[in-house]
Structure formats: structure tokens, C-alpha cells
Amino acid sequence: MGLLAFKAIWGDRSKLITVLVGVAFAMVLINLQAGLLLGLLRKASILVDHGNADIWVGHQHMDNADIGGFIPERWVERLRGISEVERADAYIVMFGRATLPNGRVEMVAIVGCDPASLTGNAWSMAQGDARAIRGPNAVLVDALDVRKLGNVRVGDTIEINGRRAKIAGLTDGIVGFTTNPFVFTTLERARRDYTVGIPVGYCSYFLVKAKPGTDVDALCRKIRERVPELDVYSRDRFGMSCMKYWLTRTGIGMSFGLAALLGLLVGVAVVAQTLYGSVTERLREFATLKALGASEGSLLYFLMAQASGLAITGAVLGLLSSWLLACLLSTPRAAIILTWEAAAASTLIVVGVCLLAAWLPYRRLRAVDPASILRS
């Protein structure tokens with residue numbers, strides 16, 4: 001019965017192509033939407049994921065690295081006194097105003113790190129050296145943001161909050177969730193020159209590097225005991241918190257989800273319509289099978305075999321198309337991150353929904369009276 005099912009659908013090439021295109025379209029839309037969403041959310045935690053810190057310590061109820069509060073920098077000594085801590089450094093993430101040579105103003109995200117350890121500094125360079133921020137008035141901006149900053153080049157100067165800032169290097173693909181360019185510099189310069197509102201002796205976070213072999217979760221508990229006034233998160237937990245913040249506080253999750261659901265519905269509608277049309281056109285053949293003793297279970301197996309074959313073939317074509325489109329369209333600004341978990345989940349969803357769609361023509365078959373059809 002399974003071989004007969006495949007021969008029946010193969011015999012009508014136009015319907016076969018239509019349903020495969022529909023299923024593949026659903027797979028492409030689901031995977032690209034999921035990949036775009038994941039790429040967008042990864043930018044929300046980019047400082048945390050690449051900051052070279054095992055633990056982030058900040059103000060209470062912190063849930064987003066881009067929006068930090070103020071904590072007394074002197075409290076970092078409490079952390080440095082813990083035996084499992086290799087080093088702990090103050091860190092600043094704060095918004096500022098950059099005045100460009102043409103007079104335009106651009107909001108930027110100032111990132112200030114300890115000049116000795118450079119923990120939390122830029123990690124990928126397109127031009128120059130990340131250690132160049134130690135130079136006088138030196139800052140790093142991303143190569144993708146140079147147009148926003150007036151087409152600046154290495155060696156050019158701009159003003160940030162009225163203070164001179166020299167472009168000492170260009171980072172490579174370090175762009176955040178918001179449209180504000182990252183500007184990397186030293187801790188004291190960020191606090192004194194390029195931001196407004198940070199009290200003297202305060203910072204945004206403490207970045208903690210644990211000694212090799214240390215249980216990070218256990219160290220987090222120790223730090224909480226030392227500084228109960230602050231929140232303490234491991235790198236992975238804080239990264240997830242940053243992604244959750246933008247996912248739940250904005251409408252991006254719903255918009256991406258609705259687009260993926262629309263693609264799924266289109267694919268299901270195409271499969272259901274094709275299977276139903278195939279059954280309607282072959283009612284006499286199915287009636288003959290029932291008259292010859294074919295059970296309803298066999299007919300259901302026939303339809304399920306068709307639906308699963310179409311769904312799996314369309315899913316494979318959709319995954320290959322998704323991979324090709326991701327390679328062609330993905331950029332650091334709009335990254336498309338495809339994962340095997342999303343591919344497996346979308347395949348199971350599409351196959352499962354296509355199997356459910358096969359129940360529509362099956363109900364039509366159950367109502368067929370072999371005698372009435374054969375007499376006509």
C-alpha cells in the first residue's frame with residue numbers, strides 16, 4: 001500500500017511539485033525566522049558572551065548588560081579577597097553623545113574596561129590593535145558603524161560629550177542589539193570624559209575571572225554572601241537574561257513567531273488541499289479498493305504514507321534552501337544562525353502537521369459507499 005501511495009502521487013507531477021514547494025517554503029520561513037531571531041538575540045548578549053569574564057556582578061535586578069546601574073567601585077575589594085577569584089575589575093557600560101565632524105549627533109554606547117587586564121574590551125579587530133585604547137583619548141569603534149559616525153577612519157577624531165576622542169582602531173562585527181554603536185575605551189576615560197551622570201568612584205559592573213578549576217556556581221554563591229547588596233550571575237545565566245529581556249520586553253518574539261506560523265499554515269494548506277484533491281479525483285479507484293476488501297486502516301495508511309513522504313522530502317529541500325539562503329544573506333548586522341535543534345524541531349512540526357492534514361481526505365474516504373460509486 002505504501003508503494004502504491006508513492007506511485008499515485010508521483011503520477012501527478014504538477015501536484016507533487018506544488019506540495020513540495022509549499023512544504024519547503026514553510027521550512028525555509030520557519031528556519032530563517034528562527035535563525036534571524038537567534039542572531040538578533042545573540043547581539044543582545046554579545047558583551048557578556050565575549051567579555052572574558054566568568055561572573056558578572058551588578059546592581060540588584062539587573063537583566064540587561066546595555067542598561068546598567070551604579071555600584072561603588074570600592075566594593076570590588078570584597079571580591080578580590082575571595083581565594084577562588086583570579087581577578088575582579090570594574091566595568092562601565094553607559095550611553096553618550098558623539099558629535100560628528102558634520103555637526104550631526106549620534107548616540108553611542110560607551111564601554112570602559114580596566115586598562116591593565118582589558119577584561120571586557122573588544123575581542124575582534126578589523127583594523128588596529130585592541131590594546132590601542134591605552135593611548136591618549138583613544139577609542140575603538142566598529143567597522144560597520146563608520147558611516148554612522150561620519151565615515152571616520154583610524155586616526156580621525158570625533159567629540160563624545162564634548163571631549164576629544166581619537167579613533168585608534170576598528171572592531172570587526174561587534175554590534176549590539178540597539179542601533180547605538182559601541183565605543184570601547186578605558187574605564188577612567190569612560191567615567192570622566194565620555195559619559196554623564198556616573199558619580200565619582202562608581203561603575204556599572206564588576207567582571208570576575210575565576211581561577212582554573214573553580215566551580216563557577218559555588219563562587220557565585222560566595223560572592224553573593226560578600227556583596228548581598230548586588231546581583232551575581234554566571235556568564236551563561238546573564239547572557240540568557242539579556243536575551244530574555246529583549247525577547248519579552250519588545251514585540252520581536254511575537255512578530256517572528258507569527259511569520260513562522262504563517263509559513264507553517266501555508267505549507268499545511270497546500271498539503272491538505274493536494275491530498276484532498278487527489279482523493280476526490282480518484283474516488284472510483286478508492287471505492288474499488290474498498291469493494292475488494294481494503295480496510296479503512298489500509299486507506300489511512302495510504303494517505304499517511306503520502307503525507308509523510310511529501311513532508312520529509314519537502315523538509316529536506318527546505319533545510320537545504322535555508323542553509324543556502326543563510327550563507328548568502330547572513331551579515332554581522334543581521335546574522336542568521338541556523339541550529340540543528342531548530343532544524344529538527346521544524347521538521348518534526350511540519351511532518352506532524354502534514355500527517356494531521358491527511359485526516360481531512362480520510363474523512364471523505366470513510367463516507368464513500370463502494371456500491372454507489374461502482375453503480376454510477
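1. A residue is called buried when its relative accessible area is under 20%, exposed when this area is over 50%, and partly exposed in between, judged with a 1.4 Å probe and the protein chains only. Helices (H or I, at least four residues) and strands (E, at least two) are DSSP runs, numbered from the N terminus. With these terms, helix H5 (residues 187-194) is mostly covered, since six of its eight residues are buried. The buried residues of H5 are Leu187, Arg189, Ala190, Arg191, Asp193 and Tyr194.

2. The model is predicted: local features need pLDDT of at least 70 and side-chain atom pairs count only at pLDDT 80 or more, while totals for chains, interfaces and linings use all residues. Residues are numbered from 1 along each chain as its sequence is written, and side-chain values use heavy atoms, with hydrogens and water left out.

3. The next point concerns the largest pocket. A pocket is an open set of points on a 1 Å grid over the protein atoms alone, where a 1.4 Å probe fits, with protein on both sides within 12 Å along at least five of seven lines; lining residues have an atom within 4 Å of a point. Grid points are joined across faces, edges and corners, and the volume is the space filled by probe spheres set on the points. The largest pocket has a volume of about 230 Å³. Its lining consists of 13 residues, and Arg42, Lys43, Ile46, His50 and Gly173 lie nearest the centre. Helix H2 (13-44) and helix H3 (46-49) are the elements that give two or more residues to this lining. H2 gives the most, with three residues.

4. The lining of the largest pocket may also be sorted by class. Six of the lining residues are nonpolar, three are polar and four are charged. Here Ala, Val, Leu, Ile, Met, Phe, Trp, Tyr, Cys and Pro count as nonpolar, Asp, Glu, Lys and Arg as charged, and the others, Gly among them, as polar.

5. A nonpolar patch on the surface is formed by Trp323, Leu324, Leu328, Leu329 and Leu338, which together have about 540 Å² of accessible area. Patch residues have over 30% relative accessible area and no salt bridge, and nonpolar side chains (Val, Leu, Ile, Met, Phe, Trp, Tyr) are joined within 5 Å. The areas come from the Shrake-Rupley method with a 1.4 Å probe. Leucine 324 counts as partly exposed because its relative accessibility is 46%.

6. Side chains of opposite charge can pair when their charged atoms come close. A salt bridge is defined as a side-chain nitrogen of Lys or Arg within 4 Å of a carboxyl oxygen of Asp or Glu, and the count by this rule comes to eleven. One of them joins glutamate 84 and lysine 222, whose closest N and O atoms are 2.6 Å apart. This pair links distant parts of the chain, 138 residues apart: glutamate 84 is in the loop between helix H4 (76-80) and strand S3 (85-99), and lysine 222 is in helix H6. Glutamate 84 is partly exposed at 21%, and lysine 222 is partly exposed at 35%.

7. Two further salt bridges deserve attention. Arginine 104 and glutamate 106 meet at 2.9 Å, N to O; arginine 104 is partly exposed at 35%, whereas glutamate 106 is buried at 13%. Arginine 131 and aspartate 129 meet at 2.8 Å, N to O. Arginine 131 is exposed at 52%, and aspartate 129 is partly exposed at 34%.

8. Most residues other than glycine have a negative phi. Asparagine 52, however, has a positive phi, near 60°, and is found in the loop between H3 and strand S1 (55-58). Asparagine 52 is partly exposed, with a relative accessible area of 45%. Leucine 118 also has a positive phi near 60°; this residue sits in the loop between strand S4 (105-113) and strand S5 (125-127). Leucine 118 is buried, at 16% relative accessibility.

Key:
Patch = residues over 30% accessible without salt bridge, like charges linked within 9 Å, V, L, I, M, F, W, Y side chains within 5 Å.
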